[in-house]
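Here are a few exercises to work through with a structure open beside you. Try each task before you read its solution.

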Amino acid sequence: MIQIIGTKKCKETAKAIRTCKEQRLEYQFVDLTERALSEGEWRSIFQGYEPLSLIDSQSSYYTKEGYAFREFDPQEELKEHPQLLKTPILRSKGRVHVGFSVDILTSWGTN
């Protein structure tokens with residue numbers, strides 16, 4: 001099963017969900033606006049990626065809150081404000097990938 005983490009407003013997340021539906025891949029969608037990620041989910045994401053690389057510096061939240069002009073702990077800020085995350089985040093069997101990728105989805109969905 002593939003876990004897709006993102007929001008309903010994110011176009012890239014919508015592409016990942018649509019790809020899973022079209023290719024009949026089992027998936028679970030986690031909407032960050034509806035539920036927070038568990039400690040285990042965060043741990044697996046942070047094992048695969050440096051927290052600072054997960055921050056979407058192009059997001060309106062990043063700009064509006066002035067993150068470009070302040071010092072912060074990326075890991076703590078992501079946990080407190082998941083709207084800073086680049087989405088979608090794809091997870092499956094201990095593997096993590098940031099961003100939409102048809103190749104990743106199809107290879108993980110067939111394994």
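The exercises below concern a predicted model.

**Exercise 1. Find which residues of helix H1 are buried and which are exposed, and say how the buried ones are arranged.**

Step 1: Locate the helix. H1 covers residues 11-22, which makes 12 residues. From first C-alpha to last, H1 reaches 16 Å, close to the 16 Å expected at 1.5 Å a residue.

Step 2: Pick out the buried positions. In H1 these are Thr13, Ala16, Ile17, Thr19 and Cys20.

Step 3: Look down the axis. The buried residues of H1 fall within an arc of 160°, so they line one face of the helix.

Step 4: Turn to the other side of H1, where Lys11, Lys21 and Glu22 are exposed.

Step 5: Ask what covers the buried residues. The cover includes strands S1 (2-6), S2 (27-31) and S3 (89-92), together with helix H5 (102-110).

Step 6: Follow the chain onward. After H1 comes arginine 24, which has a positive phi, near 55°.

**Exercise 2. Work out how many disulfides the model has, and explain the result for cysteine 20.**

Step 1: Apply the cut-off, under which the two sulfur atoms must lie within 2.5 Å. The count comes to zero disulfides.

Step 2: Cysteine 10 counts as buried at 14% relative accessibility, and cysteine 20 is buried with a relative accessible area of 1%.

**Exercise 3. Describe the largest nonpolar core, then see what isoleucine 5 touches.**

Step 1: In soluble globular proteins, nonpolar side chains tend to be buried together.

Step 2: Assign the contributing elements. Helix H2 (39-48), helix H3 (60-64) and strand S4 (95-98) each give two or more residues to this core. H2 gives the most, with three residues.

Step 3: Zoom in on isoleucine 5. Leaving out residues up to four places away in sequence, isoleucine 5 touches Thr13, Val30, Leu32, Leu37, Ile45, Thr87, Pro88, Ile89 and Arg91.

Step 4: Look for another core. A second, separate core has nine residues, among them Ile2, Leu90, Leu105 and Trp108.

Key:
Residues numbered from 1 in each chain as written. Predicted model: local features only at pLDDT ≥ 70, side-chain atom pairs only at ≥ 80, totals over all residues. Heavy atoms only, no water. Helix = DSSP H or I, 4+ residues; strand = E, 2+ residues; numbered from the N terminus. Expected span 1.5 Å × (residues − 1). Buried < 20%, exposed > 50% of the residue type's maximum accessible area, 1.4 Å probe, protein only. Arc of directions from axis to C-beta. Contact = heavy atoms within 4.5 Å. Core = buried A, V, L, I, M, F, W, Y, C linked by side-chain atoms within 4.5 Å.
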